[in-house]
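The sequence and the structure are shown first, and the description follows.

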Amino acid sequence: MGVCPFHPKPHNNKAGLITTFLLKRRSWLDGLYVKSYKMRSGRVKMPGFDLFVVNDPNEVRKIMIDNVKEFPKSDLLHELLKPLLGVSIFTTNGEVWKKQRELLRPSFEMTRISKVFDLMSSAAADMMDRFRKYEDGSIIEVDEHMTFVTADVIFRTIMSAKLDEEKGKEILHAFVTFQEETARTAIRKFFCVPQWLSNILGENKRMKAGEIIRQNLSNIIKPRYDNYANDTHCDILSSLLHTIDADSNQRFSFEEILDQVSMLFLAGHETTASSLTWTLYCLSLDQDAQQKAYNEVISINKDGKFSISDIKNMRYLTNVFKEALRLYPPVGFFARQSKNDTKIRDKVLKKGSGVVVAPWLIHRHEDFWDAPHEFRPDRHNDDIPKEKYMPFGLGERICIGQGFAMQEAIIILANILREFKLELKDGFIPDVVGRLTVRSANGMMIKMTRRQ
Ligand code: HEM
């Protein structure tokens, strides 16, 4: 038996068009219904878009691995994220994507070296100092802390810069606005709301938020770009600055580098922050799992600085994190489109139709899991087929930062658990919303008490 963390209750029946519009404007999870967690595939018809949701493992394999060229990343996703990410690896396709992935690969090999581990550990140490400033037993909104520390890790590892608290607040606030407005823009596009109305309803606000984030990143990157020959840093930005494009034999332009860094900032902090907040939530609900994780952490290292091998040996804590990723996959859906007319199961798809593989549904599918909504870290003692568990994606578009994120998450969790006992604030229920990532709209209120 495991505890059953909160998730939005699905509707009994498929909602009508207007209801769908109103519900999904807030969160796409609000539009799900009971059958969504049982079906192998389903079709969502909207005035401006035809969408196929695919849960069936064989079809998922075709879309994400065997036939991946037929199901590129969606143009709509690219268009929606462009104000922030420009033309970067997360949304590009074909040769452009291939080249960008090649360009970034060596930087991520760097994440295995101890320098990155040390940078993550120092960001975690600063986070612990922030927690220690609260009175013992305070109720703390931990989501804000997880967002800050993960953004700080990205700043330190990618740009060798510490995230300053004031600037941090400005960037993270702009990012929340960007997320909320992007989800709304998507729904407006599905329902053919005209562009002029969309601009009034939030599109301008969204553009402004994207600009604020890019301007802040640009302020750090530009001096280093202009003076790249003397750049002695050993970070991901430095490797981007020194890379020569094999085709043009030129350095990457400032805009190209800004696009990649903005993308790494988005993909690298938002997802990890979401997963850490949900892990702290699950551990606060499941005191037995928390005690087991705590025992493991102190049996490995009671009071010293954690080493890379300490972190690797935290098997149970890793299972806890994986189980939180199952229940609350930060990237709740993967957006693709069909390149040609095609067929999925018995359904005919027209060229350009939207195809969605949704870990949120697959990870909670009734045919694939026992007690799908329960938190049971021990499930991960067994191998789980990758078509049924894919928090980091699948196939050639799999997350490039997976190793980075796993290492970072365990460092942060181990530091918190060793020093604090976590309990959910009495009566607190998270407001689970699906936007670009799966987050709690009312934060995460946790009582943190010092362990003696
Ligand atoms: C718990 C944390 C994370 C989760 C759950 C996660 C999840 C994912 C998923 C599901 C995808 C594939 C999306 C798709 O196929 O549509 C992806 C792609 C990507 N992620 Fe992550 N991610 C995490 C952390 C990170 C970090 C820390 C970085 C970088 C510092 C990163 C960088 C990327 C990049 C660059 C891609 C695009 C890869 C490509 O298309 O070739 N991610 N991530």
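How many residues surround the ligand, and which are the closest? In this predicted model, 21 residues surround the ligand, and the closest are Gly268, Thr271, Gly393, Cys399 and Gly401. Two elements, helix H10 (254-285) and helix H15 (402-419), each give two or more residues to this shell. Helix H10 gives the most, with 6 residues. The classes of the residues in the shell are as follows.

| Class | Residues in the shell around the ligand |
|---|---|
| Nonpolar | 13 residues |
| Polar | 6 residues |

The protein chain as a whole is considered next. The chain holds 15 helices and 13 strands. Its C-alpha atoms fill a box of roughly 60 × 60 × 45 Å along the principal axes. A compact globule of 452 residues would have a radius of gyration near 22 Å, and the protein chain agrees with this at 22 Å. Of the 452 residues, 43% are buried. Among contacts between residues at least 6 apart in sequence, 73% join residues at least 24 apart.

Strand S2 (residues 49-54) and strand S9 (residues 354-357) run parallel and are joined by 4 bridges. Opposite Val355 in S9 stands Phe52.

Note on methods
Residues are numbered from 1 along each chain as its sequence is written. This is a predicted model: local features need pLDDT of at least 70, side-chain atom pairs count only at pLDDT 80 or more; totals for chains, interfaces and linings use all residues. A residue is near a molecule or strand if its C-beta atom, placed from the backbone, lies within 6 Å of it. Ala, Val, Leu, Ile, Met, Phe, Trp, Tyr, Cys and Pro count as nonpolar, Asp, Glu, Lys and Arg as charged, and the others, Gly among them, as polar. The radius of gyration is taken over C-alpha atoms; the globule rule is 2.2 Å times the number of residues to the power 0.38. A residue is buried if 20 or more other C-beta atoms lie within 10 Å of its own, exposed if 12 or fewer, and partly exposed in between; C-beta atoms are placed from the backbone. Two residues are in contact if their C-beta atoms, placed from the backbone, lie within 7 Å. Two strands pair if DSSP finds at least two bridges between them.
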